[in-house]
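Good morning, and thank you for coming.

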Amino acid sequence: MTSKKKRIKDNLITYGIVIALYIVMEILLKTGNLSSHLKGLLVPMTYYAIIAVALNLCVGILGELSIGHCGFMCIGAFASAIFSKLTADTLPDGIRLFIAFIIGIAVAALFGFLIGIPVLRLKGDYLAIVTLAFGEIIKNVINAVYMGVDSKGVHFSLNNVMDLGMEPDGQVIINGAMGITGTPRTANFTIAIVVLLLSLFVVLNLMNSRDGRAIMAVRDNSIAAEASGINVTGYKMMAFTISAAIAGAAGVLFSHNITSLTATSQYFGYNASIMILVYVVLGGIGNIRGSVIAAAILYLLPEMLRGLNTYRMLIYSIVLIVMMLFNWAPAAIEWREKVVNRFVKRNA
Amino acid sequence: MSLLQVNNLSIAFGGLRAVDDFNLEIEKGELYGLIGPNGAGKTTVFNLLTGVYKPNEGIIRLDGEDITRKNTIEINHAGIARTFQNIRLFHQMSVIDNVKVGLTERFKYSGLEGVLHIGRYHSMEKAMDEEAMKLLKVFDLDMERDTLASNLPYGKQRKLEIARAMATSPKLLLLDEPAAGMNPNETAELMDTIALVRKEFDMTILLIEHDMKLVSGICEKLTVLNFGRVLKQGETKAVLSDLEVIAAYLGG
C-alpha cells in the first residue's frame, strides 16, 4: 500500500510545517526577537491560512468557484462576538471562547447550507457571481442592523439605536456600522494554530474518505458521478457547508483578536475574498498545504515590506509572479521533481 | 421473467418522435446489441433507460421492478450501470479511486467516521481497497492503480470506465459505443474484455455499437432502430441478413 503510506506522510509533512512555524514564532516571541508589529500579525496570518484551507475545499476539491467566502467569515465573527459580548461577565474566558467557536462554526455552517441551496444549482461563472453577491449582502446587512438586549428581550432595528426602544438598563450589542465594541480579546496565536491544525485535519481526512472521493468525483465529472449512483447535490451541499463552517471558525478568531468588530469592506468585502482566492490559486488549487504556505507568505510579505513604501506593491507583485511560475510552469515542476528525487535518493 | 422489459417506450422532443413505441426484452445473462444509423435514437434509448430523460409513454421494468419514473441515481441503485460514448472518467483521480467511487454506495460509513478516521473507517476502507483491487485485476489494471486516470492510454481508459460501472454491482450493464475511436487491436482487446465481464460476473449486457465486426462477433441478439422505431429484432445472424436492415443501415 505505497500510495496510502505516501498520503499519510504527505499529511504529516503538512502538520509538521504548521507546527514548525509555530515553534519558530514562539521561540522568537519568548526571546523578544519579534517586533510588536509582527506580533500582531501572527493571529491574522493564521486565520487567513484557515480560510484559505476552507476556500480550497470549495474551489479545489469541490471545484466550485466561490468569491464570497469572507461573508461566511463575517457571519462566524459576528455570531460569536454577540455571544461573547453577552456573556463577557458571566463565563470564564476559556469556556466562553470554546462555546463562541461552536456558535460561530454552527451559524456559518447554517448560512452555508441555506445559501448553498440556491447557489449550487448554478455552474461556473454564474455561481461565482452569486457567491460574490451573497458575500456583499451579508456584509451590508450586518452594517445596517442595530441590535440591543434589555430585560424584556432582544430588540432589532434597521434605523438607529433610539429606534430599538430599550429599557434604561438595555445594552447595545450591534451598533449599526459601528459594529460590536468591547468584545473580550481572548484569542491568541496558540489557539489559532490549534484551530488551523484541526481544520487541516478535517479537510485532509475528508479528502481520503468515501465522502471526499465522492466530492472529487462530482468535481471531475458530475454526469458520470450521477451514473455511478453518487448523490451529486447532496455532496455539493456537504462540501460547501463544511467549507463555510471552517470559514466561520476563522471568523471567530478574527472577532476575538480585536476589541471593536465592524463589517468593513477591507476585511469582509469582495476584495478580501479575492485576496484569499489568490492564496488558494497561487498555493495550488486542490493543494491544501500550498494554501497554508501561500497564505502565510502572502499575508506577511506586504506587511513586512512596509518600510519600503512605494516599492512594496512592486515586490509583492513580483513574488506573486514567481510563485505562479514555481507552481504551474512545466519547467519549474520538472525542476522541483528533480530536486525532490535527489533528496529522496540521498535519504534512501 | 426477463431481466429488462421495455414496453411501448416513446419520447418526443417538440415534434420529433426520437423514440417511438420501442419494445425490448433482455433475458438474464444475454449480450444484446442495439444498432442503427446515426440519429436513429440509440443513445436516447440509453438515456431513457438511465433516467436522464423521462419518457412520454411506456414502462421500463428491471427485474420486475418499475423504474420508469426514477432518476439517474435511483436507477443506478436499482441495478443499471453504464459507460459513455465519450469516455467520462474522474480524470484527476487515481485509477483505484475511480473504482472506489463506484463502490461508494456499497461500503458505507458515516461522514463523521470519515472525517475523524474512526469507527468503521479503517475496516471499510480496507474492504474497499480489496474489492477495488479484485476488479482492477480482472481488467488487468492493477499495475496502474495509482496512475491518474487521465494518464491512461485510450483502451485502458475504456476498461477503467467499465470497471467503475461494474463496481456498483449492477444487474445490467449498458455500453454506449465502447469501440468508438479504437483501432482494430484495441477493438479486439475490448471484445475479450466484454467476454471476460460476462464470464467473471455473469453479467447481462446491452450495447450500442457501429463496429459490425464487434456486433456480429459477440452479440447474441440484436435490435435495429431506424428513425426512432424498431426495424427488426431477433437473433444476430437472422437480423443482419435481413434485406430491410441491409437497405436501411448496412448500405446494400
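Predicted model: local features only at pLDDT ≥ 70, side-chain atom pairs only at ≥ 80, totals over all residues.

Please find Asp176(B), whose bridge partner in β8(B) is Ile208(B). As a general point, strands of a sheet pair through backbone hydrogen bonds, either parallel or antiparallel.

In chain B, six strands form an open sheet in the order β6-β7-β8-β3-β9-β10, and the pairing is mixed. Why do β6 and β10 of chain B each have one side without a neighbour in the sheet? Both β6 (80-82) and β10 (229-235) stand at the edges with a single partner strand, so one side of each is left without a neighbour there. On average, neighbouring strands of this sheet are turned by 20 degrees against each other, direction ignored.

Helices lie across this sheet. One of them is α1 of chain B, residues 42-49, which lies across β3 (31-35), β6, β7, β8 and β9 (221-226) and runs at about 140 degrees to β8(B). Another is α6 of chain B, residues 154-167, lying across β6 and β7 at about 155 degrees to β7(B).

The side chains of Asp20(B) and Arg229(B) meet in a salt bridge, with 2.8 Å from N to O. Asp20(B) belongs to strand β2 (residues 16-26) and Arg229(B) to strand β10 of chain B, so the pair ties together parts that are 209 residues apart in sequence. Over all chains, the structure holds 30 salt bridges.

I turn now to chain A. Here an open sheet of three strands has the order β2-β1-β3, with antiparallel pairing. The edges are taken by β2 (153-157) and β3 (171-175), each with a single partner strand, so one side of each lacks a neighbour in the sheet. Strand β1, residues 146-150, and β3(A) pair in the antiparallel sense over four bridges. Within that pairing, Val149(A) stands opposite Gln171(A) in β3(A). Helix α4 of chain A, residues 69-86, packs on the sheet and touches β1 and β3, its direction making about 165 degrees with that of β3(A).

Finally, how do the chains meet? In chain A, 30 residues are in contact with 34 residues of chain B. The area buried between the two chains is about 2,700 Å², of which carbon and sulfur atoms give 56%. Which residues of chain A lose the most area to chain B? They are Arg210(A), Arg213(A) and Asp220(A), together 27% of what that side buries.

Between chain A and chain B the count is two salt bridges. Asp97(B) forms a salt bridge with Arg7(A), the closest N and O atoms being 3.5 Å apart.

On the side of chain A that touches chain B, at least two residues each come from α1 (2-30), α7 (189-207), α8 (210-220), α9 (222-227) and α10 (232-255). Helix α8(A) gives the most to that side, with seven residues. By type, the residues of this side of chain A divide into 13 nonpolar, nine polar and eight charged.

Thank you for your attention.

Definitions and conventions
Residues numbered from 1 in each chain as written. Chains lettered and ligands numbered in written order. Heavy atoms only, no water. Contact = heavy atoms within 4.5 Å. Buried area = accessible area lost by both parts, 1.4 Å probe. Salt bridge = Lys/Arg side-chain N within 4 Å of Asp/Glu carboxyl O. Nonpolar A, V, L, I, M, F, W, Y, C, P; charged D, E, K, R; others polar. Pairing = 2+ DSSP bridges. Axes fitted to C-alpha atoms, helices over the stretch in contact; angles between N-to-C directions.
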